[in-house]
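Dear colleague,

Please find below the structure that I am handing over to you.

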Amino acid sequence: MTKIQARRQLIVILLLCVALGGAALRHLSAPGTTARDIGTLLMLLWIPVIGNVIAWLIGRVKRKPAVAAPVATFTEAAPFRPQLQVELTLRPPSVPAEDIAIAEGEHHCAFVLGNEGFSGKWQVPEGGSFRRGTAQVLPVEFLTPALALPKFQPGTVFRMLVGESFIGDGRVLQVLDAGR
């Protein structure tokens with residue numbers, strides 16, 4: 001036990017003793033007397049500590065780990081199958097050192113419409129790259145196209161989310177494959 005834990009334990013024990021003394025004083029005093037009121041006040045000193053004691057007890061209870069639902073992801077072996085043609089503009093980085101060209105290949109993000117997000121990826125063609133802040137016409141593939149494609153019709157404006165940051169904005173130009 002650390003020094004802080006020992007001090008906390010001592011404080012809890014002292015406040016419990018004060019509360020028990022207050023309960024005894026209240027029990028032995030006649031109703032309406034100052035001694036009874038002081039006993040009640042001494043009992044109330046225990047209230048701030050009881051929440052911490054309950055939280056400590058709950059923390060000691062062994063809980064079963066939550067079973068996470070399986071998360072759908074893109075398979076690495078599957079070829080890129082574009083479903084939309086979009087115009088993307090990535091926002092400039094907040095740090096100048098991160099202002100590097102976006103390289104060729106697949107890039108994953110969530111495409112956000114209002115308060116709905118759809119997992120997807122976009123692809124920079126081989127031999128291509130571009131700088132943030134410039135509009136680019138690129139293909140997009142959704143993880144669940146049956147849910148996403150009805151909402152992403154030509155002219156739809158969306159945002160791109162990676163982690164907790166919106167990294168870009170876009171607009172749907174054309175639906176390439178509505179059958180998936």
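**Thr156 and its surroundings**

Leaving aside neighbours within four places in sequence, Thr156 is in contact (heavy atoms within 4.5 Å) with Leu113, Lys151, Gly170, Arg171 and Val172. Please note that this is a predicted model, in which local features need pLDDT of at least 70 and side-chain atom pairs count only at pLDDT 80 or more, while totals for chains, interfaces and linings use all residues. Residues are numbered from 1 along each chain as its sequence is written, and side-chain values use heavy atoms, with hydrogens and water left out.

Thr156 sits in the loop between helix H4 (145-148) and strand S5 (157-162). Helices (H or I, at least four residues) and strands (E, at least two) are DSSP runs, numbered from the N terminus. With a relative accessible area of 18%, Thr156 is buried; buried means under 20% relative accessible area, exposed over 50%, and partly exposed in between (1.4 Å probe, protein chains only). A polar atom of the Thr156 side chain lies 2.7 Å from the backbone oxygen of Gln153.

**Salt bridges**

A search of the whole structure finds five salt bridges, each a side-chain nitrogen of Lys or Arg within 4 Å of a carboxyl oxygen of Asp or Glu. Lys151, one of the contacts of Thr156, forms a salt bridge with Glu116, with the closest N and O atoms 3.1 Å apart. Lys151 lies in the loop between H4 and S5 and Glu116 in strand S3, so this pair ties together parts that are 35 residues apart in sequence. Lys151 is partly exposed at 37%, and Glu116 is partly exposed at 33% relative accessibility.

Asp169 forms a salt bridge with Arg91, where the closest N and O atoms are 2.9 Å apart. Because Asp169 lies in strand S6 (residues 165-175) and Arg91 in the loop between S1 and S2, the pair ties together parts that are 78 residues apart in sequence.

A further salt bridge joins the side chains of Glu106 and Lys121 (3.1 Å, N to O). Glu106 is partly exposed, with a relative accessible area of 35%, whereas Lys121 counts as buried at 2%.

**The chain as a whole**

The protein chain has four helices and six strands, which run α-α-α-β-β-β-β-α-β-β from the N terminus on. Buried residues make up 23% of its 180 residues. The C-alpha atoms of the chain fill a box of roughly 85 × 40 × 35 Å, taken along the principal axes.

Yours sincerely

Definitions and conventions
Polar contact = N/O pair within 3.5 Å; in protein donor to acceptor, adjacent residues only side chain to side chain.
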